[in-house]
Amino acid sequence: MSNDTEAPLPEGWEMRTSRSTGMTYFLNMYTKKSQWERPEVPAEPGEVRCSHILVKHSDSRRPSSWREDHIKRTKEEALDLIKNYRKQIVSNDASFTDVAMKCSDCSSAKRGGDLGMFGRGQMQQAFEEEAFKLKVGQLSKPIETESGFHIILRTV
């Protein structure tokens, strides 16, 4: 048995055989890009889809939202709120979508927090890093960006 088939491939990769050369290559199932070298780490998708809940505070880069013209809550109060929202969701006391629609300071609230598909370089760095680390269906811990505090739900 060759080295290529001994160990299972990292998540998101598929082993294929080239029709023209008969050689084994590896296909990233997310991006559909191929490579000859056996991958050692899970494949990273080119884009992800996430929903989020944002709680802004008085030091946010734009301390206003569709809910409040001028947000006066402190950073600590915002963090306490986002932790409470996460707790409600995790304990099934409320759905992510309901909390997003009622409580998020982002305009995505009207879509249940859905941000649509996005790739690298499109979101603030801390948000992006967390979004790409999450598995589909996984909910993040609170993440801080210049906008405020977020909890992120990876949907695709």
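Student: Which residues touch the most other members of the largest nonpolar core?
Tutor: This is a predicted model. Its largest nonpolar core has 14 residues. Those touching the most other members are Ile-53, Ile-82, Tyr-85, Ile-89, Phe-96 and Ile-151.

Student: What is Tyr-85 in contact with, leaving aside its neighbours within four places in sequence?
Tutor: Tyr-85 contacts Ile-53, Val-55, Val-99, Cys-103 and Ile-151.

Student: How many residues are in the second core?
Tutor: The second core has 9 and is separate. Phe-118, Phe-127, Ile-143 and Ile-152 are among them.

Student: New topic. Where is Ser-60?
Tutor: In the loop between strand 4 and helix 2.

Student: Is Ser-60 buried or exposed?
Tutor: Buried. Its relative accessible area is 5%, and the cut-off for buried is under 20%.

Student: What lies 2.8 Å from a polar atom of the Ser-60 side chain?
Tutor: The backbone oxygen of Ser-147. Beyond its neighbours within four places in sequence, Ser-60 is in contact with Glu-146, Ser-147 and Gly-148.

Student: Now charges. How many salt bridges does the structure hold?
Tutor: There are 9. In one of them, Asp-114 pairs with Arg-49, at 2.5 Å from N to O. Asp-114 sits in strand 5 (residues 114-119) and Arg-49 in strand 4, so this bridge links distant parts of the chain, 65 residues apart.

Student: Are those two buried or exposed?
Tutor: Asp-114 is buried, at 15% relative accessibility. Arg-49 is partly exposed, at 30%.

Student: What does Glu-144 form a salt bridge with?
Tutor: Lys-75, with the closest N and O atoms 2.8 Å apart. Glu-144 is in strand 6 (residues 143-145) and Lys-75 is in helix 2, so the pair ties together parts 69 residues apart in sequence. Glu-144 is partly exposed, with a relative accessible area of 40%. Lys-75 is partly exposed too, with 34%.

Student: And what does Glu-14 pair with?
Tutor: Arg-16, through a salt bridge whose closest N and O atoms are 2.5 Å apart. Glu-14 is partly exposed, at 29%, and Arg-16 is partly exposed, at 32%.

Student: Which residues are linked in a network of salt bridges?
Tutor: Arg-67, Glu-68, Arg-73 and Asp-105.

Definitions and conventions. Residues numbered from 1 in each chain as written. Predicted model: local features only at pLDDT ≥ 70, side-chain atom pairs only at ≥ 80, totals over all residues. Heavy atoms only, no water. Core = buried A, V, L, I, M, F, W, Y, C linked by side-chain atoms within 4.5 Å. Buried < 20%, exposed > 50% of the residue type's maximum accessible area, 1.4 Å probe, protein only. Contact = heavy atoms within 4.5 Å. Helix = DSSP H or I, 4+ residues; strand = E, 2+ residues; numbered from the N terminus. Polar contact = N/O pair within 3.5 Å; in protein donor to acceptor, adjacent residues only side chain to side chain. Salt bridge = Lys/Arg side-chain N within 4 Å of Asp/Glu carboxyl O.
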